[in-house]
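Biologist: Before I look at the coordinates, could you show me how to read contacts in a model like this one?
Modeller: Gladly; here is the structure to keep beside us.

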Amino acid sequence: MTTRPLDLIDVDALHSEEELAIRGVVRRVVDDHVRPNVVEWYEQGQVPVRDLALEFAKVGLLGMHLHGYGCAGASAVAYGLACLELEAGDSGVRSLVSVQGSLAMYAIWKFGSDEQKDEWLPRMAAGEAIGCFGLTEPDHGSDPASMKTRARRDGDDWVLDGGKMWITNAPVADVGVIWARTEEGISGFAVPMDTPGVTAREVHHKLSLRASCTGEIVLDGVRLPASAQLPLARGLKAPLSCLTEARYGIVWGALGAARDSLHTALDYAGSREQFGRPIAGFQLTQAKLADAAVELQKGYLLALHLGRRADRGELRPEQVSVGKLNNVREALAIARQCRTILGANGISAEYPVMRHAANLETVLTYEGTSEIHQLVIGQKLTGIAAFG
Ligand SMILES: Cc1cc2nc3c(=O)[nH]c(=O)nc-3n(C[C@H](O)[C@H](O)[C@H](O)COP(=O)(O)OP(=O)(O)OC[C@H]3O[C@@H](n4cnc5c(N)ncnc54)[C@H](O)[C@@H]3O)c2cc1C
């Protein structure tokens with residue numbers, strides 16, 4: 001009998017029936033709609049964002065942790081479990097849900113006017129409208145405070161000029177939450193993506209997160225009514241608070257990619273024979289499996305601790321940095337180590353492990369690189385900001 005890694009310390013016992021039921025629903029959606037197709041999407045570098053969004057909306061996955069406007073109003077822990085199951089399918093698919101719910105919808109939900117919320121949130125929750133979140137620019141990634149994109153007043157209107165890069169879902173989005181510098185500081189705008197002057201081009205040749213739609217946005221004299229500005233978003237703190245939401249989902253999501261890699265390696269090691277016995281019987285293989293299982297369980301306990309804090313309204317941004325830094329770094333190490341257990345088969349798309357490892361390279365970089373999270377933690381520990 002083999003024991004699954006998370007069964008070792010029986011983490012299920014830490015969850016309510018409701019949480020486990022939600023996890024089961026998401027796992028089924030991933031089994032039915034992601035796993036059978038994801039290799040093809042990955043190889044082609046194309047993912048049916050709209051079809052998936054409609055499917056995910058049926059089980060309340062879009063804006064899942066938000067209240068009102070057709071959103072499910074689930075707990076932070078339930079949302080985390082959903083991210084884990086989605087990313088066990090593919091990090092790109094989890095990114096679709098994170099960007100829609102935690103970045104685009106959250107920004108409108110938290111900082112938008114009643115009219116903006118009524119216009120966008122119900123359709124976004126239903127998967128009928130796709131959102132993107134444009135903060136990163138070609139020349140400004142880790143340092144968004146230096147962004148070049150400008151919004152200037154022209155009468156009652158706003159006129160936006162500039163460009164955003166590496167924006168998930170941009171080529172298919174109906175609305176972009178675009179961050180721009182104004183005379184009063186950084187501000188957010190809900191920009192219908194069919195506004196004249198907005199162009200979104202797909203980024204090709206990615207070697208990671210291929211089952212995700214990534215784009216570049218050019219803003220050329222984009223004229224918007226005053227009502228497009230998110231009235232409550234003041235300064236860089238606003239987009240950073242959205243990133244904290246999305247990073248929280250990644251704390252859980254990365255564990256999904258790690259769990260799927262470890263499950264695959266366990267199964268493979270049990271059936272693959274060399275030197276007349278299963279490779280699972282070699283001590284060196286068992287050391288790899290044991291170390292991976294230990295890190296997976298530690299990461300899970302960390303995610304759950306942060307999730308419970310979030311549900312009590314106690315989660316602080318630097319705590320999310322601890323989770324994102326550790327869980328993505330360890331998930332990547334697990335995926336790489338599991339890849340070695342599969343030998344040559346480890347580099348084949350027939351198994352998900354190399355795909356997870358390649359995806360996690362993106363996850364390590366986006367939503368604050370590992371280095372930036374180290375600096376956030378370092379600042380908290382020392383009281384000295386080493387960046388900015
Ligand atoms: C597939 C994909 C999807 C993405 N989706 C989105 C999206 O939807 N919306 C969005 O706005 N952005 C998105 N991003 C962008 C992502 O958030 C940025 O790539 C990330 O913030 C890093 O910025 P950069 O790539 O410009 O790297 P840089 O900021 O140029 O960093 C390069 C290296 O320098 C290091 N570095 C930078 N500053 C410091 C410092 N002070 N001290 C030490 N080291 C430092 C970094 O850690 C990194 O290792 C996405 C990226 C990818 C790859």
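What follows is a conversation about helix packing, salt bridges and aromatic pairs.

Biologist: What should I keep in mind about the kind of model this is?
Modeller: This is a predicted model, in which local features need pLDDT of at least 70 and side-chain atom pairs count only at pLDDT 80 or more, while totals for chains, interfaces and linings use all residues. Residues are numbered from 1 along each chain as its sequence is written, and side-chain values use heavy atoms, with hydrogens and water left out.

Biologist: At what angle do helix 4 and helix 10 pack?
Modeller: Helices (H or I, at least four residues) and strands (E, at least two) are DSSP runs, numbered from the N terminus. Axes are lines fitted to C-alpha atoms, for helices over the stretch in contact, and angles run from 0 to 180 degrees between N-to-C directions. Here helix 4 (residues 76-89) packs against helix 10 (residues 353-365) at about 125°, and their axes are 10 Å apart. That makes helix 4 oblique to helix 10, given that angles under 35 degrees count as roughly parallel, over 145 as roughly antiparallel, 65 to 115 as roughly perpendicular and the rest as oblique.

Biologist: Which residues of helix 4 and helix 10 meet?
Modeller: Taking contact to mean heavy atoms within 4.5 Å, E87, A88 and G89 of helix 4 meet R355, H356, L360 and V363 of helix 10. By class, this contact has 3 nonpolar, 2 polar and 2 charged residues, where Ala, Val, Leu, Ile, Met, Phe, Trp, Tyr, Cys and Pro count as nonpolar, Asp, Glu, Lys and Arg as charged, and the others, Gly among them, as polar.

Biologist: How many salt bridges does a search of the whole structure find?
Modeller: A salt bridge is a side-chain nitrogen of Lys or Arg within 4 Å of a carboxyl oxygen of Asp or Glu, and the search finds 21 of them. One of these joins the side chains of R355 and D90, at 2.7 Å from N to O. R355 is in helix 10 and D90 in the loop between helix 4 and helix 5 (91-111), so that this pair links distant parts of the chain, 265 residues apart.

Biologist: Are R355 and D90 buried or exposed?
Modeller: Buried means under 20% relative accessible area, exposed over 50%, and partly exposed in between (1.4 Å probe, protein chains only); both R355 and D90 are buried. By contrast, R336 and E361 form a salt bridge at 2.6 Å, N to O, that ties helix 9 (residues 317-341) to helix 10 across 25 residues in sequence. R336 is partly exposed because its relative accessible area is 46%, and E361, at 35%, also counts as partly exposed.

Biologist: How many aromatic pairs does the structure hold?
Modeller: Rings of Phe, Tyr and Trp (its six-membered ring) pair if their centres lie within 6.5 Å, and planes under 30 degrees apart count as stacked, over 60 as edge-to-face and the rest as tilted. The structure holds 6 such pairs, among them W158 and F189, which are edge-to-face with 5.2 Å centre to centre and 70° between the planes. W158 in strand 3 and F189 in strand 5 (residues 185-192) are 31 residues apart, and both are buried.

Biologist: Why is the pair of Y268 and Y351 edge-to-face?
Modeller: Their planes stand at 90°, with the ring centres 5.6 Å apart, so the pair is edge-to-face. Y268 is buried because its relative accessible area is 9%, whereas Y351, at 21%, counts as partly exposed.
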